[in-house]
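I begin with the structure itself.

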Amino acid sequence: MSAKRAVDVTVTDLTLEEKASLTSGASFWHTTPIERLGIPSIMVTDGPHGLRKQRDGGDHLGLGDSVPATCFPPAVALGSSWDVDLIHRVGEALGTETSIEDVAVLLGPGLNIKRSPLCGRNFEYFSEDPVISGVLGAAIVKGIQSKGVGTSLKHFAANNQEDDRMRVSSDVDARPLREIYLRGFQRVVQEAQPWTVMCSYNRINGVYASEDPWLLTRVLRDEWGFDGLVVSDWGAVNERVPSIAAGMDLEMPSSNGITDAQIVAAVKDGSVDESVVDTAAGRVLDLVRKYQAGAGSVEGPLDVDAHHALAREAAGRGIVLLKNDTRGPEGSTVLPLSKNARIAVIGEFADKPRYQGAGSSMINPTRLDSALDEIRALASGEVAYAQGFSNSVTVSADETAELRDAAVVAASAAEVAVLFLGLPARLESEGYDRDDIDLPAEQLALVDAVLEVKPDTVVVLSNGGVVALPFADRVPAILEAWLLGQAGGGATADVLFGDVNPSAKLTETMPLRLEDTPAFLDFPGEFSHTRYGEGLFVGYRWYDARRMEVAFPFGHGRSYTTFGYGDASAEVAGDGSVSVTLALTNTGDRAGREVVQVYTSLPGGLVQRPLRELKAFASVALEPGETRTVTLVVHREDLAYWDVRVDRWVVEGGSYAIEIGASSRDIRATAEVELEGDALRVPLSRSSSLAEVMAHPVVGGMVQAAIAQMMGEMDSAASIMPEGVDMSRMMASFPIGRAGMFAAGDPNASITPELIEGLIAMANAPQG
Ligand code: BGC
């Protein structure tokens, strides 16, 4: 036994076989120990919205029973709060539970973009927008890691569907890949330095994420500065040797030594340099050291009540009030409910909550509230309950009719009906996607039947991915309650009665029809390829560009109070960021929070851009009548587009339109700001167009003069072109090399092949 503690051990102390063994798991959840040197095995486990620590000796699929832990709201609900501080606090609580259980890394957050509402795992992701995902992802990582334990940012990258997830190639162009699918990951890496990043199962443009040196090394480490460890998703390694060479450090779960032996053999036969193994093993040692430094920083036992209370607070902040119509001359609304009202609670979800999605993120909760119990606990009037429908697959048509009739009776006898609808658990799961976005037919029939006897009906939805709401115009009030975690029942009661004023907003668009959605024609692809044909136009970017109606737009969410937006101003700060300032007033009679959103666009810019893109947001709490000056900062780098000509981010100069909204389709104030662009010199070649050459900072002027001379020499009277034909536009797209060929042999030509070669050389010469 060595006297050294693991913290002192370096890769030079290890044999090749030991190094290889360190870079794959010892079991489903543990890294490999090296007892000779006192290097311990450390545990990593799911994640993301709670700790799923399987009891000792867990099953080989990793799905069995786990120790009780607080089930916080999954990302779909937590993200709807748009609240960095709240999410940081939830992160701290998750870190605390992870530390108490002596787990080194909590496997989350999930940062993938919701490309299609059909993705079976959307409940685990924050948004269709990369700025929200990045900002909220960074907040939760910082919160968790503040407790001395690590996170795993997943699933890196472009893992936007579950069907065929272990093989499918996400075929995506450079701009959407950078600007939509990688942008959030980049932000979390750079702002929060997660201890680990988990590479995804899928391929990107034909290459497995687990064996892609461009993704795992060039982008992640060289460009973004990631200095942690890359772990494979469980079973994501296709070929181990190319994986480790690409920068995939730790294969999980255990490969039972089989792929470790492949690495040893590859080093011995010279096909892989030993330094590659040293690097990966060194990163595993770093992770062990981080664990040792942080281990035990939080002592148990877990304060179950305090964490349940936080779970309730977070859940309440995740419920989106989609609508709450005013009725009658006095403008009353159905919500919030009076505690004295006679209420009929209808729908199985009220009694048997759906509070998380199926798959690897299923937490064994410390307790579980039902909305029905919690409504009864807060109400002083009579609360009747009818099941309304059954989520069982074996329910008969007769039983369904009976359940519906009983619900109608309950609704008739009440002053208000609260109808809990949603997706049965089997429809949303890791591992497969949905086929449609519809609620079950018996639930839609139930809405119609209840509305007939009780127009004062509130719908509460339990779903992880968005659903179509064909009844939206006929129901006066709708709460989108997502999957809310273990305390969601209490949180729903809080919002229904107004003890909590709803303040959540949609981080994804609710479309009218599946056919309207951006990826409709390209999801889930065929023969293991899915083409991201909608390009940059994901989520609201699509509906806005095509000027389509939606059910509820991105960023939408109502409150029981109202907010007034003052005029906005915008200015460029010294570091190039843009500060947007406005006065926000709570114009109603209850305390509430508003999520203020800043969108930008650059009309007439060089590249194709969405009509508006979210760049900053803030959740602001205001007492009734209170006014506050709110300042939101747009980072300069968030205004950049990915320029495929030079393969880098570029901020284009120009006059940016700034829109400040209560949603993406409820813009309340505007401003404008002039930005200087990044210096950009695109190399010229013989195939550069005349327009590109004329715009070049060094040679553009000369070429413009030569063209002007040429045009002047042309005898317009002899031209056969119709009047008004734009000759300069016609010439603009002419490759300059070929323009030169036209002049070859003409002694009077102003643009000769020699001149062109000279211009190109001058343009591309290093600037001195
Ligand atoms: C999931 C990951 C999870 C891992 C371990 C995989 O199937 O995609 O998100 O962390 O299993 O359970």
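**Strand pairing**

I looked up strand β14 and found that β14 and strand β16 (residues 416-422) pair in the parallel sense over 4 bridges. Two strands count as paired if DSSP finds at least two bridges between them, and strands (E, at least two residues) are DSSP runs numbered from the N terminus. The model is predicted, so local features need pLDDT of at least 70 and side-chain atom pairs count only at pLDDT 80 or more, while totals for chains, interfaces and linings use all residues. Residues are numbered from 1 along each chain as its sequence is written, and side-chain values use heavy atoms, with hydrogens and water left out.

I then noted that Ile343 has Val416 as its bridge partner in β16. β14 also runs parallel to strand β15 (residues 383-386), joined by 4 bridges, and there Val345 has Tyr385 as its bridge partner.

Which way do the residues of β14 point? I recorded that Ile343 and Val345 point one way from β14 (residues 343-346), that Ala344 and Ile346 point the other way, and that all are buried (under 20% relative accessible area, with a 1.4 Å probe and protein chains only).

**A second sheet entry**

I looked next at an open sheet of 3 strands, in the order β20-β21-β24, with antiparallel pairing. Because β20 (563-572) and β24 (627-634) stand at the edges with a single partner strand each, one side of each is left without a neighbour in the sheet.

I also noted that β21 (residues 578-586) and β24 pair over 8 bridges in the antiparallel sense, and that Leu584 has Arg628 in β24 as its bridge partner.

Technical notes: Buried means under 20% relative accessible area, exposed over 50%, partly exposed in between (1.4 Å probe, protein chains only).
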